[in-house]
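Hello,

Here is the structure I promised to pass on. Please have a look at it alongside my notes below.

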Amino acid sequence: MNQAVALALWYLDRASALVLYPALWLTVLTGVFFTERRFGAIHRLSLRTHIELAVFAVGMMALHAVVGTIDAWLVVDGIAPAPNYPFSLFIAGVGVGGVTVVLVIVAVLGFLEPRRFEHPKAIHALAYGGFAFATVHAVAIGSDMTGLLGQLVVASVGFVGVALVSKLLDGIRAAHPTQ
């Protein structure tokens, strides 16, 4: 394999990642507001877009996983140049990406066959875990997670985290109402 093909794979890997992460972020965020009627227009928008965003994100994840695996193999095999950060961080990032794929696949299987899980909260817990691992993967292996882009990722993850904690606390309050 020549260097031009390896470089094209690297660009496809990065491009798919840069489309995938915002798609995952939007999927998680619309999932948080999917059942929250009190948010009005945001809730209605979430109802109309959540499943479509999730399907798109899973498709992008499949593309990124395949191309990223080939790209990582080329780096490990010495065909493609090593990243400009420690190789151990690269290998750890690839491993975390693999965990992300497994969590999301199990969540998708749970969605497609609801009898696998008795409650949709299990599916969403897996999806949220997948998003958390995707974030760690992006920071560990993403060579462009510096400067403004890194700050945007931190801020956006913080926003999603606040929304998830708010939803969790509302669920706890609903399960244990005060008298």
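Phe33 is buried, as its relative accessible area is 10% (buried means under 20%, exposed over 50%, and partly exposed in between, with a 1.4 Å probe and protein chains only). This residue lies in helix α1; helices are DSSP runs of H or I with at least four residues, numbered from the N terminus. Phe33 and Ser46 are 13 residues apart in sequence, with 6.1 Å between their C-alpha atoms in space.

Before you read on, please keep in mind that this is a predicted model, where local features need pLDDT of at least 70, side-chain atom pairs count only at pLDDT 80 or more, and totals for chains, interfaces and linings use all residues. Residues are numbered from 1 along each chain as its sequence is written, and side-chain values use heavy atoms, with hydrogens and water left out.

Now to the charged side chains. Side chains of opposite charge can pair when their charged atoms come close. The count here is 1 salt bridge, taken as a side-chain nitrogen of Lys or Arg within 4 Å of a carboxyl oxygen of Asp or Glu. Arg38 and Glu36 form a salt bridge at 3.1 Å, N to O. Arg38 counts as exposed because its relative accessibility is 53%, whereas Glu36 is buried at 14%.

On the surface, Ile51, Val55, Phe111 and Leu112 make up a nonpolar patch with about 420 Å² of accessible area together. Such a patch joins nonpolar side chains (Val, Leu, Ile, Met, Phe, Trp, Tyr) within 5 Å, from residues with over 30% relative accessible area and no salt bridge; areas come from the Shrake-Rupley method with a 1.4 Å probe. Helices α2 (41-76) and α3 (87-112) each give two or more residues to the patch. Val55, in helix α2, counts as exposed because its relative accessibility is 58%.

Finally, the second largest pocket has a volume of about 750 Å³. A pocket here is an open set of points on a 1 Å grid, where a 1.4 Å probe fits, with protein on both sides within 12 Å along at least five of seven lines; lining residues have an atom within 4 Å of a point. Of its 38 lining residues, Asp13, Arg14, His64, Asp71 and Ile141 are the closest to the centre. Helix α1 gives the most to the lining, with 11 residues. By class, the lining has 24 nonpolar, 11 polar and 3 charged residues, with Asp, Glu, Lys and Arg counted as charged, Ala, Val, Leu, Ile, Met, Phe, Trp, Tyr, Cys and Pro as nonpolar, and the others as polar.

Best wishes

Key: Patches are made of residues with over 30% relative accessible area and no salt bridge: like charges are joined within 9 Å, nonpolar side chains (Val, Leu, Ile, Met, Phe, Trp, Tyr) within 5 Å. Grid points are joined across faces, edges and corners, and a volume is the space filled by probe spheres set on the points.
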